[in-house]
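Please look at the sequence and the model first.

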Amino acid sequence: MQCYIISFQTSLSDRTRLESAMKSYGIWAKITPDTWAVVSGKTAEVIRDHILSNLAPGDRLAVIRSGTEAAWSNALASNNWLKKHL
């Protein structure tokens, strides 16, 4: 299982389906309103396609496998979650 950072820019005013898609991974955290972290055994491409199907045409999306070093400030997710999974 790997942690992936998902960052998006969407024109959607209702993000219910998008947030449900993020939470479907089971282990997830909201880092900023438009940046999430999810833990999954799936590839970045599979995650991209899944999340993309919940965005509007033309929206931007990046899915990045987390590396070995991270730093943050004032994240919405708890520091403990981020330290454990990133």
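The points below treat the sheet, the helices and the nonpolar cores in turn.

This is a predicted model, in which local features need pLDDT of at least 70 and side-chain atom pairs count only at pLDDT 80 or more, while totals for chains, interfaces and linings use all residues. Residues are numbered from 1 along each chain as its sequence is written, and side-chain values use heavy atoms, with hydrogens and water left out.

**Sheet**
- An open sheet is formed by four strands in the order β2-β3-β1-β4, with antiparallel pairing.
- At the edges are β2 (27–32) and β4 (60–65), each of which pairs on one side only.
- Strands are DSSP runs (E, at least two residues), numbered from the N terminus, and two of them pair if DSSP finds at least two bridges between them.
- Six bridges join β1 (residues 2–9) to β3 (residues 35–40) in the antiparallel sense.
- Within β3, Thr35 is the residue opposite Ser7.

**Helices**
- Helices are DSSP runs (H or I, at least four residues).
- Lying across β1, β2 and β3, helix α1 (residues 16–23) runs at about 35 degrees to β3.
- Helix α2 (residues 44–52) lies across β1, β3 and β4, at about 150 degrees to β4.
- Axes are lines fitted to C-alpha atoms, for helices over the stretch in contact (heavy atoms within 4.5 Å), and angles run from 0 to 180 degrees between N-to-C directions.

**Nonpolar cores**
- A nonpolar core is a set of buried (under 20% relative accessible area, 1.4 Å probe, protein chains only) Ala, Val, Leu, Ile, Met, Phe, Trp, Tyr and Cys residues joined through side-chain atoms within 4.5 Å.
- The largest has 13 residues, and Ile6, Phe8, Leu18, Met22, Val38, Ile47 and Ile51 have the most contacts inside it.
- Two or more residues of this core come from each of β1, α1, β3 and α2.
- Another core, of eight residues, lies apart from it and includes Ile31, Val39, Trp81 and Leu82.

Conventions. Buried means under 20% relative accessible area, exposed over 50%, partly exposed in between (1.4 Å probe, protein chains only).
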